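Hi everyone, thanks for coming. Have a look at the picture while I walk you through a few things in it.

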Amino acid sequence: MKKLLLVALLASLNGCVLLDAYRMAHFDNNEYMLINGIRTQASVGVAKCGSFDVVGAVDSIYFSSLELKNYAASIPHNEATIKMTNELAVITKELSDKYYGTEEVGATYCKLKFNLIEKNAITMQTAIGSKPR
Amino acid sequence: MSNVDNFVTEAKALEAEFTAGNLSASEYKELLKDLQSTKLIEVAAGDLATLSRLNEMIDGLIAIASAV
């Protein structure tokens, strides 16, 4: 009876989704640590907007974001995390480009950008943290 | 509040900052584009959460089948 139930449940699911779920990359301590670092850097960085110290925070968050992107990219069956890390890397690169460009960077832009990075990092941290052990 | 409502609210908040002169045109444009990236991150996070739940379910089913 239990085997019949198992077969019925499995048959009701799309085969590809089932296979993706079965093979998906499991929880990775380093991945979680890196996204937690980015989240923390964003919450600290926002307070530095408008000061000279902000450039260091921008450099640091861009580096960490690239580090996470590169780390996640080589893990098999990690597509959803790779998508998220790619998008976050674009957001942090734009921030870095602004500070190394010719245009003056406004404090409002800086705060909105760091807040957005923190919001996305929280979303990612929750998703990465829920990966199967 | 739905994701679409959130998106509209955030876009309006950015527009207000731009209209008030707190954001330059390039900053405003970039932040609007970031809202799109945020949406993509939320969709991928949702997919990942779904796969994780499904994975747990498969593990449970395997455990049940093994016990029979």
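Let me begin with helix α3 of chain A and what lies over it. The buried residues of α3(A) are covered by, among others, α4 (54-73), α5 (79-99) and α6 (107-129) of chain A. By buried I mean that 20 or more other C-beta atoms lie within 10 Å of the residue's own; exposed means 12 or fewer, partly exposed is in between, and the C-beta atoms are placed from the backbone. Helices are DSSP runs of H or I with at least four residues, strands are runs of E with at least two, and both are numbered from the N terminus.

A word on the model: it is predicted, so local features need pLDDT of at least 70 and side-chain atom pairs count only at pLDDT 80 or more, while totals for chains, interfaces and linings use all residues. Residues are numbered from 1 along each chain as its sequence is written, and chains are lettered from A and ligands numbered from 1 in the order in which they are written.

Which residues of α3(A) are buried? They are Glu31(A), Leu34(A), Ile35(A), Ile38(A), Arg39(A), Gln41(A), Ala42(A) and Gly45(A). Looking down the axis of α3(A), these buried residues fall within an arc of 165°, so they line one face of the helix. That arc is taken over the directions from the helix axis to the C-beta atoms. On the other side of α3(A), Asn29(A) and Met33(A) are exposed.

Stepping back, chain A has six helices and zero strands. Of its 133 residues, 38% are buried.

Now for the partner chain. In all, 29 residues of chain B are in contact with 32 residues of chain A, where contact means C-beta atoms, placed from the backbone, within 7 Å. Helix α2 (residues 25-67) of chain B gives the largest share of chain B's side, 24 residues.

How do α6(A) and α2(B) pack? Their angle is about 5° and their axes are 9 Å apart, which makes α6(A) roughly parallel to α2(B), a label for angles under 35 degrees. Among the residues making this contact are Leu112(A) and Leu116(A) of α6(A), and Leu31(B) and Ile41(B) of α2(B).

With 15 C-beta neighbours inside 10 Å, His77(A) counts as partly exposed.

Terms used
Contact = placed C-beta atoms within 7 Å. Axes fitted to C-alpha atoms, helices over the stretch in contact; angles between N-to-C directions. Parallel < 35°, antiparallel > 145°, perpendicular 65-115°, else oblique.
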